[in-house]
Amino acid sequence: MKRPTIADLAQASGVSIATVNRILGGTGAVRAETIERVQNAAEEIGFYGRGVIEDRRQRLLPNYRFGFLLQQSSRELYRLFGSKITEAAARRQHEKVVAVVDFVDVLEPQNIADRLEALGKRCDAVAVIAGDHPLIGQTIQSLKERGKPVVAYITDQSARDRAGFVGTDNWKLGRTAAWFLAQTTPTPGRIAVFIGNHRYQCQDVSDASFRSYMREHAPHLQVDDSRPTHEEPEEAYRIVSQLLSELDDLRGIFIVGGGISGVLRALREAPVEKRDKVRVVCRDIGPETRKGLTEGLIMAALCHPLDQISDELIATMIAALEHRDSTTILQRVVPFETITPESV
């Protein structure tokens with residue numbers, strides 16, 4: 001078979017021979033989309049210079065360095081968030097994205113603000129998971145003034161200068177959790193709600209909508225005041241152990257924030273007759289949650305689809321840079337996944 005020529009490639013891609021020569025020789029300006037079209041044609045006809053064309057395309061791709069400030073490196077869930085973000089950055093085909101993933105273990109607002117500032121100095125744009133606090137809002141404003149957009153991830157910020165938010169619909173999530181518990185708990189009893197921190201908007205909204213559904217549809221269930229765990233498994237373990245030892249009418253637990261490993265540990269140690277009366281719904285899925293689902297200790301986990309939401313986050317940060325002078329706050333709401341013991 002005759003080897004495809006430059007003329008064949010030009011005809012197959014709908015460009016001139018001169019354009020193909022400029023791409024192969026690395027001389028002259030050629031638009032990135034034109035190079036991509038020529039590359040696709042080269043693949044189709046088996047043109048010998050495909051490597052040269054790909055190299056030229058790569059050199060013309062825009063380069064971005066994005067920072068991601070996550071929480072608590074000790075938690076497997078946040079490490080999973082980080083790895084999925086890195087994978088999403090590597091999947092970009094029309095840009096080169098370097099993902100700088102950082103973790104904050106000391107969750108004091110000033111420390112988070114300082115770390116956000118430091119990350120913003122060495123990145124083009126930043127995404128952050130953090131409680132809503134004025135100190136963090138001031139840093140977001142400062143970074144915006146220097147052309148460094150900040151996107152709130154998973155949980156939103158009230159800072160007017162944030163570039164966008166990427167997360168799920170937390171109002172629907174809370175009501176869905178309440179639906180699960182109400183539908184499976186016909187007898188009167190008490191429901192415990194665990195929240196990591198009320199400054200996490202995603203948790204506070206889910207907590208409020210959970211109570212909204214229960215007031216409307218399950219008056220036979222008493223929802224206790226939210227119990228803060230500060231995202232600490234040991235604190236969650238202590239509270240659940242105490243509830244199980246003191247109460248005979250505990251019927252459900254909604255874990256809005258962290259602490260799932262502590263909750264599961266307390267349930268495993270409880271007498272079977274008490275444990276079997278308690279239905280558990282939680283957010284997101286890491287190794288501990290997956291194990292709890294397979295054991296039947298968790299009825300449902302309402303989760304961020306990590307591949308999809310990570311892709312949306314990268315795309316939103318690119319859009320924020322391209323429209324950095326706009327006052328529009330980009331909103332990307334990704335539907336959550338429902339995982340049960342039968343679907344895990």
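In what order do the 6 strands of the open sheet stand, and is their pairing parallel or antiparallel? The order is 2-1-3-4-5-12 and the pairing is parallel, where two strands pair if DSSP finds at least two bridges between them, and where strands (E, at least two residues) and helices (H or I, at least four residues) are DSSP runs numbered from the N terminus.

This is a predicted model, in which local features need pLDDT of at least 70, side-chain atom pairs count only at pLDDT 80 or more, and totals for chains, interfaces and linings use all residues. Residues are numbered from 1 along each chain as its sequence is written, and side-chain values use heavy atoms, with hydrogens and water left out.

Select strand 2 (96-104) and strand 12 (330-333) next: they stand at the edges with a single partner strand each, so one side of each lacks a neighbour in the sheet. On strand 12, leucine 330 stands opposite glycine 164, within a parallel pairing of strand 12 and strand 5 (residues 164-167) over 4 bridges.

Then display helix 5 (residues 76-91), which lies across strand 1 (63-71), strand 2 and strand 4 (150-153) and runs at about 170° to strand 2; contact means heavy atoms within 4.5 Å, and angles run from 0 to 180 degrees between N-to-C directions of axes fitted to C-alpha atoms, for helices over the stretch in contact.

Move on to strand 9 (residues 250-255), where 6 of 6 residues are buried, that is, under 20% relative accessible area with a 1.4 Å probe, protein chains only. Glycine 252 stands opposite isoleucine 191 and also opposite arginine 279 in strand 10.

Terms used: Buried means under 20% relative accessible area, exposed over 50%, partly exposed in between (1.4 Å probe, protein chains only).
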